[in-house]
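Come along and check each entry with me.

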Amino acid sequence: MTLIATRPDPGEARPYTFPDLQRVTVAGGTVIGAHLPGQALASAMLLLDAGAARESAGREGTATVLAKSLEEGTTERDSAAYALALESLGAELSPGVDWDTFRVGVSAPVPQLLDAMRLAAEAVRTPRLDPDDVNRVRDDEVTALRMDWAQPGPRADAALRADLFGAAERFGRPMHGDPASVAAVSVDDVLAFHQAWLRRPGVLLVAGDLGTLDLEALGQAAFAGTGGDALTVEPPLGVPVRAERRIILVDRPGSVQSTLRLGHRAPERATPDYVAMTLAATVLGGAFTSRLNHLIREVKGYTYGIRGSYAMSRRFGRFEVAAGVQTAVTVPAVVDTLGEIARTQESGVTEDELAVARAWRAGQLSVEMQTPGSIVGALSTLVVHGLPDDYYATLRRQYLETPLAEVSAAAAAHLRPNGLTLVIEGDAAVIRDELVAAQIGDVVDAEI
Amino acid sequence: MVCVNLWYDVGSRHEPAGQTGFAHLFEHLMFEGSQHVAKTEHMRLVQGNGGSLNATTNPDRTNYFETMPAEHLELALWLEADRMGGLVPALTQETLDNQREVVKNERRQRYENVPYGDAWLRLLALLYPEGHPYHHATIGSMEDLNAAGLETFKEFHQRYYAPNNAVLTVAGDASPAEVFALAEKYFGLLEPVASIPPAPGSHLPGPATSPVRETVTADVPAPRLYLSHRTHQFGTAGYDAVTVLAAVLGNGRGSRLYQRLADGARIAQPDYIGAYGVDLAHAPAPLIVTATAKDGVPVETLEEGLSEVIGSLVTEPVTEQELSRAKALLTTAWWRQVSTVGGRADTLGRYATQFGDPASAAYRLPQWLAVTADDVTEAAAYALKPESRVTLTYLPETNGESA
């Protein structure tokens with residue numbers, strides 16, 4: 001025998017640490033720095049309270065057009081000179097929009113970060129926003145959305161969102177808008193959004209070797225010329241859930257897979273059940289050995305992968321299961337998926353499953369936080385949701401210690417298998433009759 | 001944290017005709033249990049002890065890796081040794097049938113169900129002649145996957161999965177003495193394979209000598225072009241020049257392609273233009289240039305524009321500014337690649353497998369930085385001639401402008 005039969009015991013665990021944080025208040029803004037000694041690269045992120053939720057009705061996508069216009073030249077230099085200056089530092093600018101924030105990330109080798117930050121601030125605070133450029137970027141964005149919507153997924157996402165939050169509501173429309181709403185965005189919309197929201201200081205997050213980086217100088221660069229008070233957060237939206245299941249069919253003729261997006265609303269990020277919900281969702285659809293992935297992939301072979309999770313922002317949350325399944329097995333895959341959601345809601349989780357979920361979630365707080373970029377992302381969660389500096393150590397302990405009864409109770413309360421909206425994007429001509437016959441819920445056609 | 005990484009020197013280039021996709025399907029089977037690890041237990045033991053894991057197969061090789069809290073280093077080594085030395089007894093027809101369906105769904109999801117998704121599959125067949133080990137794609141054909149029999153996979157394991165065809169790399173919070181002792185304990189008694197069959201011959205005399213075109217009319221949202229050339233092998237001075245060339249040509253908003261076609265002539269969609277090399281080490285590796293037409297721009301106009309910009313690399317020498325921009329971006333990319341224990345382990349495993357010395361990884365960045373403008377011009381003149389070009393064109397089914 002050449003193999004060792006006995007599984008080895010673990011060695012001694014090292015204590016969990018999150019990087020030391022430093023705070024500096026400068027030029028009307030706050031800088032939060034995380035110390036990563038020895039890292040060659042550093043990341044910074046300017047976090048502004050200017051998310052997609054602040055866009056006007058019918059103009060969804062305004063913030064995204066603005067984000068994409070920032071590199072079209074500044075009051076200092078044109079777009080070609082800007083690209084050359086930034087990229088010659090080895091730096092990359094990544095402006096982006098989510099529901100809660102407008103964020104501009106910049107990463108570079110440590111010695112270049114300050115110059116890169118100055119250029120990032122130049123683009124954010126003093127973009128040229130020439131009307132011809134903004135119109136062109138807007139048109140390009142309409143085309144880019146059409147490209148994106150030709151993939152499986154985005155149309156299903158939009159149909160689910162509209163059903164859960166209401167097509168007339170901002171939260172019921174796609175975060176980055178749709179081709180029609182972006183086409184309606186005007187130069188004035190973009191200028192007004194910049195004027196209202198991007199001239200406030202915000203918060204600057206920095207991860208890197210603080211022995212070398214100068215947080216005060218970085219803050220000076222980020223906050224120069226800004227003003228305005230912090231904004232108040234609007235209250236959460238509540239958690240209305242359908243009385244009966246509903247199936248929305250999104251036709252994709254000839255599709256060899258059906259794209260599943262099954263969801264219902266859930267509490268916002270601040271819910272006291274956050275940890276228990278996350279652990280329950282990990283057992284159901286988070287880990288590779290989750291109930292859904294085990295049954296739908298590893299036993300049935302219907303899919304390359306299936307995931308279930310809660311996504312939560314400041315004002316709302318939702319539960320969602322996402323997968324691509326072979327067209328011919330669409331209905332059995334949906335039925336099996338509903339069965340696992342219902343089983344988890346009714347009878348909770350087991351100790352064995354929970355042990356995997358606990359250890360995995362706790363371990364991810366180290367494994368997924370090795371780079372300056374990921375640490376900056378972790379800091380942004382602290383700021384957006386008002387969490388304390390020692391949050392990740394606390395979260396880790398909660399993952400390891402939350403009692404099973406609380407996790408099962410969270411599954412019982414926050415999984416609503418009978419109130420799900422089931423969006424199925426696939427070849428309607430092939431799957432419709434079988435879906436109707438399965439009597440899972442009323443089948444309606446999407447207007448997308 | 002520690003990362004345990006194994007490179008096996010076997011990839012889809014080793015697959016004979018009729019067995020395309022087998023190396024990758026085999027990779028899936030490696031997660032389904034081995035002699036002392038029950039089915040589903042591999043994943044449960046890694047994730048259930050806080051780790052992340054995965055594996056990838058490409059034309060050149062197959063790699064397996066898990067990043068774990070440091071106290072589970074020994075567990076990771078035990079798991080890897082058990083599937084290196086003891087996979088065959090655990091292989092069952094049921095597992096094979098299940099993972100065959102999973103892989104077919106992977107093929108549907110990544111290549112068949114997305115617009116332009118089969119571009120890479122088509123490019124390989126156009127770039128490398130019939131019978132060349134890079135001619136077929138790693139994912140394989142549905143037909144071959146359907147025909148895959150259990151015996152073939154047992155033989156595959158016995159032929160290629162052994163200590164003398166693998167490199168084990170550990171990076172992170174562990175001392176070299178501890179790692180070497182544990183490696184000896186778990187892998188030291190595994191039998192080497194007596195003779196590993198040589199990979200099918202991959203020699204090519206140089207760039208192609210006649211152009212190849214393929215036009216696909218499909219359900220795609222806009223006309224798109226892929227222009228591709230065989231260049232040099234990864235790891236050579238010639239390929240270092242190609243790497244810098246690709247950055248000058250198509251990496252970032254300051255690149256020639258972006259400046260001239262997305263920003264300047266405004267004929268290409270800004271989100272979908274670029275150039276990159278695919279770092280293959282066993283035959284001249286591809287450089288791929290791609291662009292998607294803006295609304296109303298005929299695909300012929302776009303192709304003319306791309307050809308001009310590619311040609312400019314020979315006729316308009318790369319400036320110092322362009323060169324230093326490209327090198328700055330490559331420097332950041334290098335440091336990003338090695339900023340995690342997983343990235344460090346994989347990089348060292350690659351250089352040990354492909355060049356016999358993990359320390360040779362340290363030369364890559366300095367070699368990129370030593371590339372001159374003349375080197376780039378020379379690489380372009382050698383590899384990017386119009387007569388050696390593969391042109392793959394996608395047209396929408398209802399494309400009026402360029403029909």
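I looked up helix H1 (residues 22-29) of chain B and helix H4 (residues 93-112) of chain B: their axes come within 10 Å and cross at roughly 120 degrees. Axes here are lines fitted to C-alpha atoms, for helices over the stretch in contact, with angles from 0 to 180 degrees between N-to-C directions. Helices (H or I, at least four residues) and strands (E, at least two) are DSSP runs, numbered from the N terminus.

I noted that this is a predicted model, where local features need pLDDT of at least 70, side-chain atom pairs count only at pLDDT 80 or more, and totals for chains, interfaces and linings use all residues. Residues are numbered from 1 along each chain as its sequence is written, chains are lettered from A and ligands numbered from 1 in the order written, and side-chain values use heavy atoms, without hydrogens and water.

Next I searched for salt bridges (a side-chain nitrogen of Lys or Arg within 4 Å of a carboxyl oxygen of Asp or Glu).

I found A:Glu141 bridged to A:Lys68, with the closest N and O atoms 2.8 Å apart. A:Glu141 sits in helix H4 (residues 131-149) of chain A and A:Lys68 in helix H1 (residues 62-69) of chain A, so the pair ties together parts 73 residues apart in sequence.

Is A:Glu141 buried or exposed? I read 5% relative accessible area, so A:Glu141 is buried (under 20%; exposed is over 50%, partly exposed in between, with a 1.4 Å probe and protein chains only). A:Lys68 counts as partly exposed at 30%.
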